[in-house]
Amino acid sequence: MSEFYKILKTRNLEFHTGQPVWKYTISDLELSQLKESFKIVQRLSQLNPKDCAIYYAEWWRRTFDGGYPSYDKIYNSLESKKLCFDSNDFYESAKKGGNLLNYKWIKIQNTHYLKTLLLQGGLPLKHIKNNRGKYRDFLLKIIHLNPSSIEDFSTNTELTGLLPKSSQNEIIYSSCLEIVRAVLDNDENELLSFKENADLKQITEELIIERDKVRKKNNAIKFKWNFNSNDNTFFLNTTITSKIGFEELNYILDDQIVDYQNEYKLFVGLDLIAKLIKRNNDTYKVVQFKDFVSCKQDFDTEIYIIDGNDKIYYANHLLYSKLNLDFPTLWAPSNNENFVLEKSRHTNNNYGYILSNDTFSIDGKFEEKTEIEINNKPFSIIKFQEEIKLKKPNSSTIMFKTNIENIFDWSIVCEKPKWLIRSNLNIVKNNLKVLVYDNIGQRINNPTIEWKQVNKSIWYSKHITPELGALDIKISHDGIDEFERVFNIGGLCLSTSSDYNNPEIVVNSNSFVLEVYKSDHYNVSINQNKVTFKTTNPSKFPSSIKTRIRVNNQSFGILAEVISPFQGVILVDQDENVINADKIFLDKIKGWRLIANSHGKEYEVRIFNNKNPEIVISKKIERKVIPLFEFYDTFKSLFQLYNIIDADNFLKMEIFELLPNNRNRKIKSYSIKQFSETIKWEVNDKNIIKFDEIESIDILNSVYALPLDCDLEYIDKIEIKRDLDFYSINATNANKFILFSDKNSKFKIKPEFISVNPENELTTIEDRNNRITNYSQQLLAEDFTSDVWNKFWVYYYLCKENDLPFATFDIIKAITTSSQLAAKAFAFLSVKFDAGEYKFSGNDFIELENDLGFSFHWVELSDWLSNCQINPQIFEALAVMLNFKWNKLSLCLLQKSKIENFVFNAELNNVRERLGERVLSQLPFYDIQKDRNNYVKPIPQKQWNDQVNILVIAPLTVASSISGKNTGLWHVNGDNFRRRIKYVEDLDKKWYEESLIYYLN
């Protein structure tokens, strides 16, 4: 038994609950026993990875006292010279432990394993105790910055200098950010834990007093460019705080909100960065998928958000500053190797760093100059103090200064036309609109804005119509001048030819010159204002054309990617290779794009599960180029309609051209499989389960097993062992497993049912239904302290943490067979979540509902009342759940309110009109004539065609379930029907909710 398991058992826990390690408040005795356990390990294979991971966290919390933490320091703290493993073995084992404990590894360009392992320990209490005054001074300063990431203060050497020199590193900064955010967000659980330590308690009390003086920033969320001097690469830091309110959401969406949605997806280019998920009435939880975006050459990336209705909000205002290597830029050091791009030409630090190409000469003194290469071009990093000037022949001088605080920020209102995909400068159209803000995000009135042509010296007021082409902008306020460069396109327009066989771009203005970069994919010929293209490589499909645009009388222009003249409906990968295969894999679509570029034609995509073709999700293609990853959640929800382990569980994606008179023509069809790899296994004569090597999969570090049909104490994620020339599982305590890939693996194996007994096969539908029914009876009969409910809890947690479908496990699927059990499961999860720092609300129950194909609001009202009598705190959780999507229904059920003036047939006609004939034609069929069910109200007198029967029957069925008149939804064989009801529920919220209340009344 591992020491960590003993720690859990002491706290009446069967498994790690996902909370940070420091929250277990491991005692001195437990830590001593943990250290002693390492001394009796006789060989490396006996070293318990979870124990190693826990020790790293406790070392940080209790022992760290300055300097940069290292593997050797942590290893030496074990205080033994007779260990059978070295410091590297100890660290590698701790990393494995982190994977088994489902740590979310911190990733900023690289994976920060050590930082993650240590920060599980929370705050370095010993170091804070020995340096309390310096921590206090530092925290009281940075709280006024209202920081959302360490970048908000790590580049300010005046602030970081308040900490001991040995503590000026990103791990300490992260700990300080945690304290400040807990105070600013009034995180009661965190603050309570701080008060348990005398030193932290005093600092926290002072910070709480200071909090009331903090002026909240209106534009706190910014993505900043970083430069790594070790490998001379750039990346965009896209970290967001874990929780935001409506004010921050309004800022992110640039005040374009009409109606708040439950979920938003934030993209940078082709990468999904985060989901913003509504948790309760006033906050959104941020689920971060990617903390950074690496860029090699394309530094102008598009930021946008998609809501639950597929509406797009462009959000390039989240980019702190554009990165343009054509002229010098100022950078601030974040650590020894990392620099952050400054927007200003001034820095508050004693030293500044300039990144410049070799076409600029230096005027003035500098401390140090390092020559480097970026994309095979020569650059220099120039360290300077006070002031430095850089100049290019026949160009303006660019001056940078240190020890001057940047007192304002600004943004250029960009007017990007539809034909322009991206450019290296902000675009304006004969008008300069510059928004200027102070350091807390408040607008500055009447700043001085001037412009001039590049390479000319005369400045003009913004009120004078600007010249065409490249312009320098000067923003002046309170004695400080800042500069920006823009490109005025005036009325320039690029259009493409409608002739499919003759791709062509037409320029509408003689004032501009369009130069097209050479490509291996096509040849170009230019005749006056027409650019004609001819494909040279049929295996490629250019989704955009790289150009340079300039004004006739200027040498300086912009680098611009413009619309492609090539037409077609096609899939391309991240390198613009045409995907000719008709079978694609979900774990390989990152960077892929769906191109639907044809003049005057409209398209839609229809997606359905091969095993359940009645439920079709269709989406009209509104843009010519769409990242395929935008459909990921749709793909995932449709895969959940059937057993994840079944090889026949695949999707069909069909693309249709929409024709007049509601006709359509199918032009493309793809099969989509969820996993690209299938593992091969066998059982040898010693009852050992063996696996073959897979070239694209790191089996040792990314594949795990989950035991089935075993005692509660053995249900946990199990690592795969390497034995000579094969891989195996320790099958001592269980003989059946689900094998699956780590959720962060680049490529994934199909989850596999495996068994020591090769005669064990996947159960038949009848056998599985019997198991589900038995679990249902046990869960209804037992109380929350029983083994069966604890098994339910551990499988629920492991599914959630490892991105496994809940429906994989019969014990979880059982809750769909009984209204009483669904209410009891909701109560159980609410109690479990609320006992810690999380609440079973928002996305938690939505995920469970979508996966299992049911909804908690279907539960009979009397079952809710019974559970609320046993656990009164459930009433609040119930109200939160209902209000999350169904405000009117909540009022109806909890406050007996009604909807007046609901005329059934009139509203049915309204929903038919909203959905349109195209969607109506795809509705699942339901035969009302054969319906003999007992409903809460009679089926309304039929005045509609059979096409919309399901729209009528779905809310009536749910109303009958809520009223206790019909239990047809809660049946072990009811999965297919339940999912049809869910389909209607999500199809038109207004109709579903209001007609449901109509039936209930």
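## Aromatic pairs

Two rings of Phe, Tyr or Trp (for Trp, the six-membered ring) count as a pair if their centres lie within 6.5 Å; the pair is stacked with planes under 30 degrees apart, edge-to-face over 60, and tilted for the rest. By this rule, the count in this predicted model is 65 aromatic pairs. One of them joins Phe408 and Trp410, a tilted pair with 6.1 Å centre to centre and 55° between the planes. Phe408 and Trp410 are both buried (under 20% relative accessible area, with exposed set at over 50% and partly exposed in between; 1.4 Å probe, protein chains only).

One aromatic cluster is formed by Phe15, Phe784, Trp789, Phe792, Trp793, Tyr796, Tyr797, Phe806 and Phe828.

## Charges over rings

A charge sits over a ring if NZ of Lys or CZ of Arg is within 6 Å of the ring centre and within 35 degrees of the ring normal. Lys95 lies over the face of Tyr113, 4.4 Å from the ring centre. Lys588 lies over the face of Phe747, at 5.2 Å from the ring centre.

## Gly853

Gly853 is in the loop between α21 (843–852) and α22 (861–870); helices are DSSP runs of H or I with at least four residues, strands are runs of E with at least two, and numbering starts from the N terminus. Gly853 is buried, with a relative accessible area of 1%.

Leaving out residues up to four places away in sequence, Gly853 touches Trp858, Arg978, Arg979 and Lys982, where contact means heavy atoms within 4.5 Å. His521 is 332 residues from Gly853 in sequence and 47 Å away in space, C-alpha to C-alpha.

## Basis

Residues are numbered from 1 along each chain as its sequence is written, and side-chain values use heavy atoms, without hydrogens and water. In this predicted model, local features need pLDDT of at least 70 and side-chain atom pairs count only at pLDDT 80 or more, while totals for chains, interfaces and linings use all residues.
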